[in-house]
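Please open the model in your viewer, with the whole chain shown, and follow the selections below in order.

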Amino acid sequence: MYDEAKNSGYEIEARIVDVVVKEEHDSDMIYYYDTYTVYANYTIDGKDYSHVKVGKYTEPKYVGDTITVVVNPEEPGAKMAEGGIFATVGFVMIVGVIVSKAKKKQG
């Protein structure tokens, strides 16, 4: 999805202004992890966009950091994708399955 968005949009740097941390779990409620919903500010063609939800991550993100996002040139206030999220979520899902199977073998 990120590569598709990148082909039809363009990348910008955004400054993180808010992070909402939430504890989540796998479907078996065995593997728990935190997710970080990130809101950022950015400027495109002299226009400021504030507190735009730019993504949900499984690795920590912090207020003040910068993040690369892909925006739609037709609607720059609505981000299209953020870099790195899908690989991270896929990794977490794989780890969750491995942990779940290991616990079932022990039980």
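Begin with the whole chain selected: among contacts (heavy atoms within 4.5 Å) with a separation of 6 or more, 58% join residues 24 or more positions apart. This is a predicted model, in which local features need pLDDT of at least 70 and side-chain atom pairs count only at pLDDT 80 or more, whereas totals for chains, interfaces and linings use all residues. Residues are numbered from 1 along each chain as its sequence is written, and side-chain values use heavy atoms, with hydrogens and water left out.

Next, colour by secondary structure, taking helices (H or I, at least four residues) and strands (E, at least two) as DSSP runs numbered from the N terminus; the chain has 2 helices and 5 strands, in the order α-β-β-β-β-β-α from the N terminus on.

Now select the buried residues (under 20% relative accessible area, with a 1.4 Å probe and protein chains only), which form 33% of the 107 residues in the chain.

Of its 16 residues, Y42, V54, I67 and V69 touch the most other members. At least two residues of this core come from each of β1 (10-25), β2 (32-44), β3 (47-57) and β4 (66-72), and β2 gives the largest share, 5 residues.

Finally, select K61 and Y57: the charged end of K61 sits over the ring of Y57, 4.8 Å from its centre, where "over" requires NZ of Lys or CZ of Arg within 6 Å of the ring centre and within 35 degrees of the ring normal.

Conventions
A nonpolar core is a set of buried Ala, Val, Leu, Ile, Met, Phe, Trp, Tyr and Cys residues joined through side-chain atoms within 4.5 Å. Buried means under 20% relative accessible area, exposed over 50%, partly exposed in between (1.4 Å probe, protein chains only).
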